[in-house]
Amino acid sequence: MGCDGGTIPKRHELVKGPKKVEKVDKNAELAARWKYCALSQEKLRRPIVACGLGRLYNKDAVIEYLLDKSAERPNAEVVAHIRGIKDIKELNLTDNPEWEGDTTNAKGDRYEDIHCGMFICPVVGLEMNGKHRFCYLQTCGCVFSDRALKEVKTEICHKCGDPFQDDDIIVLNGTKEEVERLREKMEEKRAKSKTKRWKKLRDHCNFL
Ligand SMILES: [Zn+2]
């Protein structure tokens with residue numbers, strides 16, 4: 001059985017429509033991760049913080065969560081790994097001079113270009129809009145494009161001059177695999193500091 005005209009629709013004709021829509025949504029979703037707080041879903045505004053998994057948040061949203069973890073929240077699982085203020089780092093971001101926020105088009109409608117980044121890389125000027133990889137340094141909180149960190153090899157921060165090591169570089173909004181790796185790293189670090197604290201306590205007790 002075919003269509004009335006006697007043609008049988010090819011597979012790519014059938015799947016073309018919905019596939020395209022999905023792709024647009026996916027792009028918008030990816031771009032939104034750079035514009036909205038991962039917890040409150042409100043627009044990102046300074047002070048902006050990041051966690052060990054490279055997610056972006058408004059600092060006040062995370063503080064509010066830490067003050068009352070039991071309150072009902074739609075995105076509570078996103079911050080389940082944040083146990084205290086030490087698990088977040090305030091970011092030192094560089095404003096994008098091109099950013100105009102909400103703009104008004106010819107018809108008078110307010111719209112926002114989701115692909116225009118609020119911030120840029122201070123070294124190479126790339127926009128932080130989801131199209132380029134960005135990282136932050138856990139030591140000082142400064143944010144750079146991955147390209148800058150790769151092209152200009154350095155052990156002191158390009159922006160503030162603080163020393164850092166490769167281990168201090170956290171990719172922002174990384175892939176699923178990258179987030180998994182960051183999670184492992186975070187757990188490793190926690191286990192280490194636990195042992196350290198335990199040893200300290202033991203030494204203290206021996207001393208007594
Ligand atoms: Zn820095």
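These legends describe close-up views of one predicted model. Local features need pLDDT of at least 70, side-chain atom pairs count only at pLDDT 80 or more, and totals for chains, interfaces and linings use all residues. Residues are numbered from 1 along each chain as its sequence is written, and side-chain values use heavy atoms, without hydrogens or water.

**View 1. Four cysteines hold the zinc ion.**
The SG atoms of C140, C142, C157 and C160 coordinate the zinc ion at 2.2 to 2.4 Å. Donors are N, O and S atoms within 2.8 Å of the metal (3.2 Å for Na, K and Ca). The donor spacing in sequence is C-x1-C-x14-C-x2-C. C142 sits in the loop between β8 (134–137) and β9 (143–145), and C160 in the loop between α3 (146–151) and β10 (169–171), so the pair ties together parts 18 residues apart in sequence. Helices (H or I, at least four residues) and strands (E, at least two) are DSSP runs, numbered from the N terminus. C142 is buried, at 1% relative accessibility. C160 is partly exposed, at 37%. Buried means under 20% relative accessible area, exposed over 50%, and partly exposed in between (1.4 Å probe, protein chains only).

**View 2. W34 and F134 form an aromatic pair.**
The count comes to one aromatic pair. Rings of Phe, Tyr and Trp (its six-membered ring) pair if their centres lie within 6.5 Å; planes under 30 degrees apart are stacked, over 60 edge-to-face, and the rest tilted. W34 lies in the loop between α1 (11–32) and β1 (48–51) and F134 in strand β8, so the pair ties together parts 100 residues apart in sequence. Both W34 and F134 are buried.

**View 3. R45 meets E42 and D60.**
A salt bridge puts a side-chain nitrogen of Lys or Arg within 4 Å of a carboxyl oxygen of Asp or Glu. The structure holds 10 salt bridges. The N to O distance is 3.6 Å for E42 and R45, and 3.0 Å for D60 and R45. The D60 pair links distant parts of the chain: D60 is in helix α2 (residues 59–67), and R45 is in the loop between α1 and β1, 15 residues apart. R45 is partly exposed, at 41% relative accessible area.

**View 4. R46 forms a salt bridge with D95.**
Their closest N and O atoms are 3.1 Å apart. R46 lies in the loop between α1 and β1, and D95 in strand β4 (residues 94–95), 49 residues apart.
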